[in-house]
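Here is my note on this model, point by point. Please read it with the structure open.

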Amino acid sequence: IYGCIANINIMLQKTLEADYMTEEEKAYYLGQAYGLRAFYYFGLYRTYGTLPLRLDPNPVVNGDFNPNNLYMKRSAGSEVMKQIKADLKSSLDYFGNNNSFDPNNRKNLKGYWSKAATEYLAAEVYLWNAKVSVDDNTANNADLSVAKNHLQSLMNNYDLSLQSNYEDIFSVNNKGNNEVIFAVRYMEGEASNPFTALMYNYQTGAFKTVGFNDENGKPMGDTLKVSTTGMQRIEYLPEFYLSYDKTDSRRDATFLGAYSRKDNSLAGTVYKKIMGHFDESINRYIWDADVIVYRLAGVYLMMAEIANMEGGDVASYINKIRERAYGKNWDATKYGYTNGNFTENELAILHEKDKEMLGEGQRWYDLKRMTLTKGGKHLVFCPEGSKDGQKAILTEAEAYKLYWPIETNMITKDPELTQTPGY
């Protein structure tokens with residue numbers, strides 16, 4: 001990550017120095033760079049808590065080869081959050097009125113950082129900071145209103161809309177659709193998406209769904225047509241699969257269920273939401289699904305969380321998501337959510353995100369941010385935050401595990417670094 005940050009710092013320096021671009025041209029790239037630096041530092045902040053803040057270009061690039069000048073202490077949580085917010089402001093200031101996802105018409109819609117991406121990140125940052133204390137940085141409820149303003153802007157100013165069909169969000173034939181705000185682009189003929197080809201990994205011809213039935217008792221073969229191009233290394237708990245109604249389109253868009261040929265009981269699942277496509281012309285599976293980082297459904301679910309903190313009605317936001325999910329099966333009386341108390345609402349939002357955004361990198365941070373009662377324990381410490389509701393993910397004594405340790409080798413090389421507390 002610091003390699004990426006170093007690249008951004010160099011880009012900022014060189015762009016500001018460039019006399020061959022107009023100020024307007026510079027502003028677009030500076031808006032992207034500051035937004036991306038905030039993105040990386042926020043990821044580090046949520047993962048490590050405190051961390052070195054390197055804001056200047058790597059001294060080596062500018063001719064300083066003294067390694068002692070590269071050593072840097074971890075900055076306090078308050079300093080890190082202050083810098084993230086400053087970078088967000090710089091990004092928005094430089095973007096100005098440029099609300100386009102592709103102002104230079106490069107035909108890579110939603111694959112470039114944009115003002116909308118900065119607004120989504122700002123909403124995440126300010127919502128997080130309203131509910132989570134890190135190091136010396138105390139949660140500030142006033143940040144809720146800032147997050148809300150950014151979410152309202154996303155709903156009103158960028159021509160975004162939910163896809164009518166859930167599967168269409170992730171289709172390789174529908175990249176950069178109106179629901180997507182920012183995605184990492186993968187295309188056939190380029191590098192494969194490593195998150196699907198190497199990490200989720202399917203190989204339903206070897207896992208195998210061969211030898212299993214589908215839900216209706218029909219024998220399955222290599223249903224996903226991935227042949228032997230991957231191994232399934234990650235499987236979700238059956239509780240996630242079983243939490244969906246059969247009429248919820250997200251279930252079969254997210255999972256392929258495999259059932260025993262002996263008694264047709266659930267044997268296991270394959271996560272298949274973000275994969276790619278089978279190319280008939282070469283008889284091979286292509287791992288070219290985009291990694292969708294931000295999309296409109298996340299805006300609605302953050303708005304629901306803010307409404308819950310404000311004592312408002314979260315149902316309208318949850319039901320926007322559910323109505324799309326159930327499609328022609330939608331029955332508000334049967335499937336609609338009715339506003340409850342704070343705890344009921346918070347858990348309803350979490351479980352809706354489980355169904356809507358599973359595999360999109362949300363749940364661990366949701367558990368660290370969301371609380372059982374207003375201002376109370378975070379869900380990561382509550383049985384209600386686990387999928388079966390039986391045991392908390394972490395005990396209070398394991399609170400240090402909210403943040404990652406630094407590997408010993410890094411501390412050995414840099415005398416200014418200290419280990420994450422608790423390790």
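**Notes on the model**

1. Asp 135 sits in the loop between helix 4 (115–131) and helix 5 (143–157). Helices here are DSSP runs of H or I with at least four residues, strands are E runs of at least two, and both are numbered from the N terminus. This is a predicted model, in which local features need pLDDT of at least 70, side-chain atom pairs count only at pLDDT 80 or more, and totals for chains, interfaces and linings use all residues. Residues are numbered from 1 along each chain as its sequence is written, and side-chain values use heavy atoms, with hydrogens and water left out.

2. Check the backbone of Asp 135: its phi is near 55 degrees, a positive value in a residue other than glycine. Most residues other than glycine have a negative phi. Asp 135 is exposed, at 55% relative accessibility. Exposed means over 50% relative accessible area, buried under 20%, and partly exposed in between (1.4 Å probe, protein chains only).

3. Asn 264 also deserves a look. Its phi is near 60 degrees, again positive in a residue other than glycine. Asn 264 lies in the loop between strand 2 (255–259) and strand 3 (266–271). Asn 264 is partly exposed, with 29% relative accessible area.

4. Now the packing of helix 2 (residues 23–48) on helix 4. The angle is about 30 degrees and the axes are 10 Å apart, the axes being lines fitted to C-alpha atoms over the stretch in contact, with angles from 0 to 180 degrees between N-to-C directions. The two helices are therefore roughly parallel, a label for angles under 35 degrees.

5. Tyr 45 in helix 2 is among the residues that meet helix 4, where the partners include Trp 128 and Asn 129. Contact means heavy atoms within 4.5 Å.

Key
Angles under 35 degrees count as roughly parallel, over 145 as roughly antiparallel, 65 to 115 as roughly perpendicular and the rest as oblique.
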